[in-house]
Amino acid sequence: RVVAVIMVGGPTKGTRFRPLSLNIAKPLFPLAGQPMVHHPISACKAIPNLAHIYLIGFYDEREFALYVSSISNELKVPVRYLKEDKPHGSAGGLYNFRDLIMEDSPSHIFLLNCDVCCTFPLPGMLAAHRRYGGMGTILVIKVSAESANQFGELVADPMTNELLHYTEKPETFVSDRINCGVYIFTPDIFTAIQNISIQRSDRANLRRLSSFEAIQSVTKTLPTDFVRLDQDILSPLAGKKQLYIYETMDFWEQIKTPGMSLKCSALYLSQFRHTSPHLLASGNGTKSATIIGNVYIHPSAKVHPTAKIGPSVSISANARIAAGARLINCIILDDVEIKENAVVMHSIVGWKSSIGTWSRVQGEGNCNAKLGITILGEAVTVEDEVVVVNSIVLPNKTLNVSVQEEIIL
Ligand code: GDD
C-alpha cells in the first residue's frame with residue numbers, strides 16, 4: 001500500500017501571496033478553476049494501491065473541511081487534513097503524524113509540496129524508486145542557471161542517478177538541476193528524521209552543560225522537533241546511496257506569488273486538454289460566447305454570447321460577464337461582475353469585485369515582475385471608463401480615476 005502526504009504550510013507562510021491570501025488559505029486558491037491543492041491530489045489518482053491522502057498544515061481545520069469531504073467522495077480515497085499545533089518544518093510536520101501515517105502499513109510514502117505546479121509524474125517516480133532501491137527519490141528539473149539559486153540545487157551521478165550533493169538555495173552556483181519538492185520515500189524516512197531530532201537534543205544538552213561561550217554559539221540550533229527536509233535530511237544523506245533523482249522534462253513552476261498563480265493557472269488549463277478536456281469551455285452552440293484557446297467557466301457563471309474569452313482564462317462561480325466584454329489571460333474569482341465592453345488582461349480579479357463599462361484592467365503580462373500583472377483584492381470597484389495598469393489594489397477599494405504601476409492600500 002501507498003500513502004500520499006501533501007505539505008500545505010500555514011497562514012504565516014502566505015505573506016508573499018497577499019492580497020489574495022487575505023481571503024483564502026493559499027492551497028485553496030483556484031488555479032484553472034480548481035483549488036491549488038486539487039492538482040497534486042488528482043495526480044494521486046494514478047498511484048496504484050493508494051490507501052490515504054493526508055494534507056498536513058497549520059491552518060485552521062475548518063478552512064479545509066468542505067474541500068476535504070467533497071474530494072474524498074469524488075476520489076473514493078479518504079483524504080484527511082491533519083493540523084500541526086505549530087510549524088515543525090517540512091520533515092518535522094511529516095514526522096509529527098508518523099503513527100497515523102503508518103497505520104496503513106505503507107511500503108511507500110509520497111511527499112508533495114502543495115505550492116508547486118507540474119504534471120506530478122508519480123507512477124514513473126514509483127517505478128524508478130523501486131529500481132534504485134534507496135530510501136528516497138526526488139523529482140528534479142533542469143532550470144536556467146540564473147534562476148537555480150531560488151531552489152535546492154543538486155548534483156547526481158549521470159549513470160546511477162544517485163544524489164551526490166545537495167545545497168539549499170546556495171549563494172554560489174552549484175548546479176542547474178533543482179529539487180521540485182516532490183518525493184517518494186520508504187518508511188525509513190521516519191528513522192532519518194528521528195536521528196536528526198536526537199542529534200539536536202544531544203547538542204542542546206551539550207550547550208546547557210557547557211559554560212564555554214564558543215560552544216554555546218556554535219551549537220545554537222533550531223528546536224529539536226523542527227526539521228527541514230532539504231537542509232537537515234537531503235544534504236547530509238547525499239552521496240550515501242540512499243537518495244536518487246527522477247528528472248522531469250514536463251513543465252514545473254513554484255507558486256509563491258499571485259503573478260505565478262496566473263502563469264500556473266494557464267499551465268494547468270493547457271494540461272486539461274490532455275487530462276480533463278470536459279472541463280474546458282467549448283464555445284459551441286448559438287448562445288455561447290466566443291472562446292479562444294483554453295478556458296474554464298464554472299457552470300454557475302453567466303457569460304454573455306457577445307463576450308470574447310481566452311486564451312488562458314478561468315471564471316469562477318456566479319461571475320457575470322456582460323455583453324462585449326473581452327477577457328485574456330486572467331483569473332476571475334467568485335461573484336465578480338464585469339460590465340459591458342470592459343477589458344481584463346493579465347490580471348486577477350478578486351471575489352465580488354465589479355468592473356465598470358468600457359473600463360480596462362490589465363497587466364503587461366510579466367508574471368515574474370512585482371507589478372507585471374494587475375491584482376484586485378476582494379470587493380474592489382472599478383468605476384466606468386477607468387483604466388488600471390500593472391497595479392495591486394487591496395480589498396474594498398473603489399477606483400474612480402485611472403492608475404498605473406501603483407499599490408493601492
Ligand atoms: N505542514 C507544514 N509545516 N508544512 C510546511 C512547513 C511546516 O512547518 N514548512 C514548510 N511547509 C510546506 C510549505 O507549505 C511548502 O509546501 C513546502 O513545505 C516547502 O516549503 P519550504 O520549506 O518553505 O521551502 P521552499 O518552498 O522555499 O523550498 C522547497 O521547495 C522547493 C520546490 O518548490 C525546497 O525543498 C527547495 O529545495 C525546492 O526547490
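An oxygen atom of the ligand is placed 2.8 Å from an N or O atom in the side chain of Asp230. Backbone atoms also take part: a backbone N or O atom of His88 lies 3.1 Å from an oxygen atom of the ligand, and a polar backbone atom of Gly9 is 3.2 Å from an oxygen atom of the ligand.

Residues are numbered from 1 along each chain as its sequence is written. Because the model is predicted, local features need pLDDT of at least 70 and side-chain atom pairs count only at pLDDT 80 or more, whereas totals for chains, interfaces and linings use all residues, and side-chain values use heavy atoms, with hydrogens and water left out.

Asp230 belongs to the buried residues of helix 8, which are Leu229, Asp230, Asp232, Ile233, Leu234 and Leu237; buried means under 20% relative accessible area, exposed over 50%, and partly exposed in between, with a 1.4 Å probe and protein chains only. Helices (H or I, at least four residues) and strands (E, at least two) are DSSP runs, numbered from the N terminus. Helix 8 (residues 229–237) packs against helix 6 (residues 188–209) at an angle of about 105 degrees, with the axes 11 Å apart. These axes are lines fitted to C-alpha atoms, for helices over the stretch in contact, and angles run from 0 to 180 degrees between N-to-C directions. The two helices, helix 6 and helix 8, are therefore roughly perpendicular to each other, since angles of 65 to 115 degrees count as roughly perpendicular, those under 35 as roughly parallel, those over 145 as roughly antiparallel, and the rest as oblique. On the side of helix 6, Ile189, Ala192, Ile193, Ile196 and Arg200 meet Leu229, Asp232, Ile233 and Leu237 of helix 8. By class, this contact of helix 6 with helix 8 holds seven nonpolar, no polar and two charged residues, where Ala, Val, Leu, Ile, Met, Phe, Trp, Tyr, Cys and Pro count as nonpolar, Asp, Glu, Lys and Arg as charged, and the others, Gly among them, as polar. Helix 8 is followed by Gly239, whose phi is positive, near 80 degrees.

Lys26, in the loop between strand 1 (2–9) and strand 2 (30–31), is buried because its relative accessible area is 9%. The side chain of Lys26 reaches the backbone oxygen of Ile255 at 2.8 Å. Apart from neighbours within four places in sequence, Lys26 is in contact (heavy atoms within 4.5 Å) with Phe17, Met36, Tyr59, Asp115, Ile255 and Lys256. The loop between strand 1 and strand 2 also contains Pro19, which is joined to Arg18 by a cis peptide bond with omega of about 5 degrees. Asp176 lies in the loop between strand 10 (163–168) and strand 11 (177–185) and counts as buried because its relative accessibility is 18%. The side chain of Asp176 makes a polar contact of 3.1 Å with the side chain of Lys142, and Asp176 touches Ile141, Lys142, Val143, Ala145 and Ala148 when residues up to four places away in sequence are not counted.

Ser300, in the loop between strand 15 (295–297) and strand 16 (302–303), is partly exposed, with a relative accessible area of 25%. The side chain of Ser300 makes a polar contact with the side chain of His298 at 2.7 Å and reaches the backbone nitrogen of Asn318 at 2.9 Å. Asn318 itself lies in the loop between strand 18 and strand 19 (320–321), and has a positive phi of about 60 degrees although it is not a glycine.

How values were computed. A polar contact is a pair of N or O atoms within 3.5 Å; within protein, one must be able to donate a hydrogen and the other to accept it, and residues adjacent in sequence count only if both atoms are side-chain atoms.
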